[in-house]
Amino acid sequence: MSERIHATYWLETGDDPRRAADTIAGEQSSGTFVALPMETPELKDRSGARVERLELLERVREPSLPTPVRAPHYTRCLLELSWPIENFGASLPMLMATVAGNLFELRAVTGLRILDLRLPPAFADAYPGPAFGVAGTRRLAGVPRGPLVGTIVKPSVGLSPEQTAEQVKALVEGGIDFIKDDELQADGPHCPFEERVKRVMAVVNDAAERTGRKAMVAFNLTGDLDQMRRRHDIVLAAGGTCVMACLNSVGLVGLHELRRHSQLPIHAHRAGWGSLTRSPALGWDYAPWQKLWRLAGADHMHVNGLANKFSEPDDSVIAAARAVLAPLWADAAMTAMPVFSSGQTGLQAADTHAALGCADLIHAAGGGIFGHPQGVAAGVEAMREAWEAAMNGEALEARAGRNEALRAALGFWK
């Protein structure tokens, strides 16, 4: 029996729901807007998308999205479609074109969102997934338990390589586990990539020789394929242990090719994610979307953070983190490490740990560390103390009574 790809959608339509479902299935497989003689019953049975489930949810009077054709009412449904893998093979770019292609702009559609994606094991055979994941990241960073306490170089842009290295020096002397470039920093003339890597890694390597533990720095190498390969090699030659790419900028092919070349963990930033998800009536849930990027080779996946500075609610953030840690298949887990960031401090540690049920994560605090009244090292110490309290089930205030850096941070964080 043919292996099939299954996608589940939230659908809103002003048309008859079954007719709308059939229209979507046809548009994304063997059909078009008119019946054609070559689309025989045999061809449709072999290559057509199937409507596996259509569950009516509710009717509303107004459409969620603009539509050229008004209807008396609009029906919301759960729609599951499936496709034979023989239509395009185990190809991530073609998977994206099939499950998230022209269907969003169909006239019959006034709302459509991808809720789930189930892939046959052929994709595990075709794509290696993360090379490092949680275990490899912990090994390289020298953090066997607890989260990787991390930060982002701030200001995001404008610093010279020398100034960036000064910030990194303060962080590594404070015991930071993980540092990343901001997604806006790559290879500008004021902070050239190669010079930044050279100066930052001189600081990191010197500290590693003295302490026996090397902080992980994710250098943003986002660019075209040749640029990313060259920048990766610069980081590797300098003794670096991580590279970073912006997923929506480099695309599935770009990330997969970077994975094929890379000897380092890939820190995957989701810049632009809001345009794909912020409308509840359009785009993607995070759980199906992140599967594609893990298959393509992402070792770390951003999931926002609790009480963040953006619009995403906490339950969505935790659902995203759980999705990143969930196995893709029973015999091919391809687990990645969720990255919590955006307005983060130690105040979110306990709730993050309780909701996720583990500490297999990177917790990146920019201002929450750099803004500490006693300096950067105290900011790192306060974050680590907050997490120790969270993992031990200890009240943050009680822990602060025994640690000056945490005590000073509480007033600043609040």
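**View 1. Lining of the largest pocket.** Sorted by class, the lining of the largest pocket has twelve nonpolar, 17 polar and ten charged residues (Ala, Val, Leu, Ile, Met, Phe, Trp, Tyr, Cys and Pro count as nonpolar, Asp, Glu, Lys and Arg as charged, and the others, Gly among them, as polar). This is a predicted model, in which local features need pLDDT of at least 70 and side-chain atom pairs count only at pLDDT 80 or more, while totals for chains, interfaces and linings use all residues. Residues are numbered from 1 along each chain as its sequence is written, and side-chain values use heavy atoms, with hydrogens and water left out.

The largest pocket holds about 1000 Å³ of space. Of its 39 lining residues, Arg270, Trp273, Asn304, Phe310 and Glu312 are the closest to its centre. A pocket is an open set of points on a 1 Å grid over the protein atoms alone, where a 1.4 Å probe fits, with protein on both sides within 12 Å along at least five of seven lines; lining residues have an atom within 4 Å of a point. The volume is the space filled by probe spheres set on the points. Helix α12 gives the largest share of the lining, three residues. Helices (H or I, at least four residues) and strands (E, at least two) are DSSP runs, numbered from the N terminus.

**View 2. Packing of α13 against α15.** Helices α13 (residues 349–356) and α15 (residues 376–392) pack at about 40°, with axes 8 Å apart. Axes are lines fitted to C-alpha atoms over the stretch in contact, and angles run from 0 to 180 degrees between N-to-C directions. Ala349, Ala350, Thr352 and His353 in α13 meet Ala386, Trp387, Ala390 and Met391 in α15 (contact means heavy atoms within 4.5 Å). These residues divide into six nonpolar, two polar and no charged.

**View 3. Packing of α15 against α17.** The angle between α15 and helix α17 (residues 404–413) is about 95°, and their axes are 8 Å apart. Ala378, Glu381, Ala382, Met383, Glu385 and Ala386 in α15 meet Ala405, Leu406, Ala409 and Trp413 in α17. The contact consists of eight nonpolar, no polar and two charged residues.

View 4. Most residues other than glycine have a negative phi, and most peptide bonds are trans. A cis peptide bond joins Lys154 and Pro155, with omega about -5°. Pro155 lies in the loop between β5 (148–152) and α6 (161–173). Ala307, not a glycine, has a positive phi of about 50°, and is found in the loop between β11 (300–302) and α12.
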